[in-house]
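Student: Could you take me through this protein step by step? I would like to see how each answer is reached.

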Amino acid sequence: MTETTQNAGEAPGEQAVEERRISDYPTREGRFGVYGGAYVPETLVFALEELIETYRSIRENEQFWAELRELLRTWVGRPTPLYGANGLTRHIRSRSGKDKGAKIWLKREDLAHTGAHKINNALGQAMLAVKMGKTRIIAETGAGQHGVATATACAHLGLACDIYMGSEDARRQKLNVVRMQMLGARVIEVDSGSRTLKDATNEAMRDWMGSVETTHYIIGSVVGPHPFPAIVREFQSVIGREAMAQSLRAMGQMPDVIVACVGGGSNAAGIFYPMIEEEIRMIGVEAGGESSDAGRHAAPLSLGSPGILHGSMSYVLQDESGQTSEAHSCSAGLDYPGVGPEHSFWKDQGRVEYCAVTDQQALDAFLLLSRTEGIVPALETSHAIAKAVELAGEESKDANILVNLSGRGDKDVEEALRLMGGEVKPSEMRRVQRNRRKDKKRDGDRNAGKSQPDGKES
Ligand SMILES: Cc1ncc(COP(=O)(O)O)c(C=O)c1O
């Protein structure tokens with residue numbers, strides 16, 4: 001069977017592709033293979049059609065993209081740097097076998113305005129909402145980063161803003177709750193279910209059904225009904241486009257491996273998609289939580305099965321009767337039982353590898369990056385760091401591993417302290433290094449002026 005393919009804004013019949021490449025998805029129906037689609041009640045069909053229509057019109061609108069590019073540059077702070085993580089790489093090499101220890105590079109989305117990649121999508125969609133004549137924005141948030149990004153974009157564009165957030169997430173991401181309020185948004189805490197991202201998304205969808213006339217729902221990841229996964233991917237692809245050009249300049253080649261954490265999958269899709277046709281190994285890292293037991297992790301691609309959640313078909317954590325299971329992760333932004341349909345497709349195609357990293361491994365990586373680089377990563381991002389460190393130890397020294405540093409960890413400092421039992425020990429690494437330096441100096445003083453047996457000065 002040949003399907004026609006279409007990007008989110010194209011009119012039916014505009015593009016009929018017989019031989020479809022992996023980058024040519026979604027189809028005109030919003031399908032990535034069997035995944036994706038739009039499983040929504042009647043009330044939302046009109047809103048989704050309006051969104052497809054507006055998106056189609058702005059895809060060709062050079063003025064819209066010029067305006068977005070200018071704001072990304074002057075207000076968001078793009079391009080974010082590509083940084084060669086020499087401290088972390090040295091640490092890995094000191095512990096790996098001869099000739100092992102790949103070089104780690106970080107795409108610094110933590111340096112984007114508001115501290116994470118989420119702003120790329122929030123700004124783009126808020127500008128779309130203005131084009132559609134909407135005056136109110138709603139959004140769901142887990143870690144609070146998407147909520148903060150949305151509240152920030154709304155403050156900039158003069159839009160009313162309501163953010164849904166599970167009360168458990170509001171507890172562990174208190175700093176971001178206050179930030180959203182400071183920016184003028186209303187934070188609506190959700191007390192149903194596990195009081196996390198899934199429940200916040202349910203409530204936001206419910207709100208949208210009753211308010212579509214005036215309200216645009218800015219979904220924060222590559223999830224939800226068509227056209228959201230394609231739209232969010234496009235706004236986040238700026239990460240991968242920049243990273244590709246920066247890699248060529250800094251490494252003289254494309255990276256050998258790209259690693260990104262996966263909640264819904266937007267930072268991963270953003271860095272993978274522009275390079276998806278290249279011969280680069282790509283790894284998405286899910287939250288392995290405490291164990292692989294049901295309810296103790298948030299790894300639908302690793303441990304779930306295909307099902308429908310929040311308007312699209314994708315891998316989902318569910319029981320035998322199809323009821324969505326609870327998820328768990330130490331990081332609020334990965335604590336979600338579903339994932340984007342395109343990742344489900346990439347997994348089945350064997351194009352991207354997916355694995356899971358536990359809470360403890362992520363927490364260790366959180367401290368490791370802080371102490372070897374002076375960069376405190378988000379707990380979500382720490383999952384990708386943990387995997388990259390493991391991989392770098394196995395790869396040869398001349399390999400380059402690019403990690404999407406999706407966000408900064410200020411929001412997580414209190415929660416990380418709690419998870420560490422309320423006490424953070426000083427860095428052993430630095431003490432060992434300092435003692436080594438002291439020993440060297442002592443030996444140096446002792447040998448000063450003496451000749452070595454072979455006649456060389458020490
Ligand atoms: C810093 C950071 N990274 C990653 C994620 C996960 O989202 P996604 O998989 O859509 O990138 C979040 C979600 O809140 C986040 O705040």
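Tutor: We will go from the overall fold to single residues, and the model is a predicted one.

Student: How many helices and strands does the secondary structure come to?
Tutor: The protein has 458 residues, and 53% of them count as buried. Among contacts between residues at least 6 apart in sequence, 74% join residues at least 24 apart. The secondary structure comes to 17 helices and 14 strands.

Student: Which residues of α3 are buried, and do they line one face or several?
Tutor: The buried residues of α3 are L88, T89, H91 and I92. Seen down the helix axis, these buried residues fall within an arc of 160°. So they line one face of the helix.

Student: Which exposed residues sit on the face of α3 turned away from its buried side?
Tutor: Start with the buried side. Its cover includes β4, α14 and α15. The face turned away from it carries the exposed residues N86, R90 and S94.

Student: On which side of α7 do its buried residues lie, the same side or opposite sides?
Tutor: The buried residues of α7 are N176, V177, R179 and M180. They cover an arc of only 160° around the axis, which puts them on the same side of α7.

Student: What do the buried residues of α7 pack against?
Tutor: Helix α7 spans residues 174-182. Just after α7, G184 takes a positive phi of about 100°. The buried residues of α7 pack against α5, β6, α6 and β7.

Student: Where does the largest nonpolar core lie relative to domain 1 and domain 2?
Tutor: This core holds 122 residues, and I104, V259, F272, A388, I401 and V403 touch the most other members. Its largest share, eight residues, comes from α15. Domain 1 (42-74 + 117-233) and domain 2 (79-115 + 237-419) both give residues to this core, so it lies between them.

Student: Which residues is I104 in contact with, leaving aside its neighbours within four places in sequence?
Tutor: I104 is one of the core residues that touch the most other members. Its contacts are A85, L88, T89, A388, A392, I401 and V403.

Student: Where does the ligand's shell lie relative to the two domains?
Tutor: The shell counts 21 residues, and the closest are Q145, G263, S266, G333 and G407. Domain 1 and domain 2 both give residues to the shell, so it lies between them.

Student: Which helix supplies the largest share of the shell around the ligand?
Tutor: By residue type, the shell divides into seven nonpolar, 13 polar and one charged. α5, α11 and α15 each supply at least two of its residues. The largest share, three residues, comes from α11.

Student: Is D99 buried or exposed?
Tutor: D99 is in the loop between α3 and β4. Its phi is near 65°, a positive value in a residue other than glycine. D99 has 9 C-beta neighbours inside 10 Å, and 12 or fewer means exposed. So D99 counts as exposed.

Student: How does R195 count, with its 18 C-beta neighbours inside 10 Å?
Tutor: R195 lies in the loop between β7 and α8. Its phi is near 60°, again positive in a residue other than glycine. A residue is buried at 20 or more neighbours and exposed at 12 or fewer. With 18, R195 therefore counts as partly exposed.

Student: What separation do the C-alpha atoms of Y39 and S312 have?
Tutor: Y39 is in the loop between β2 and α1. It touches P225, I308, G311 and S312, not counting residues up to four places away in sequence. Y39 and S312 are 273 residues apart along the chain, and their C-alpha atoms are separated by 5.7 Å.

Student: Is the peptide bond from R78 to P79 cis or trans?
Tutor: P79 is found in the loop between α2 and β3. Omega for the bond from R78 to P79 is near 0°. That bond is cis.

Technical notes
Residues are numbered from 1 along each chain as its sequence is written. This is a predicted model: local features need pLDDT of at least 70, side-chain atom pairs count only at pLDDT 80 or more; totals for chains, interfaces and linings use all residues. Helices (H or I, at least four residues) and strands (E, at least two) are DSSP runs, numbered from the N terminus. The arc is that of the directions from the helix axis to the C-beta atoms. Two residues are in contact if their C-beta atoms, placed from the backbone, lie within 7 Å. A residue is near a molecule or strand if its C-beta atom, placed from the backbone, lies within 6 Å of it. Ala, Val, Leu, Ile, Met, Phe, Trp, Tyr, Cys and Pro count as nonpolar, Asp, Glu, Lys and Arg as charged, and the others, Gly among them, as polar. Domain bounds come from an automatic or database domain assignment. A nonpolar core is a set of buried Ala, Val, Leu, Ile, Met, Phe, Trp, Tyr and Cys residues joined through C-beta atoms within 7 Å.
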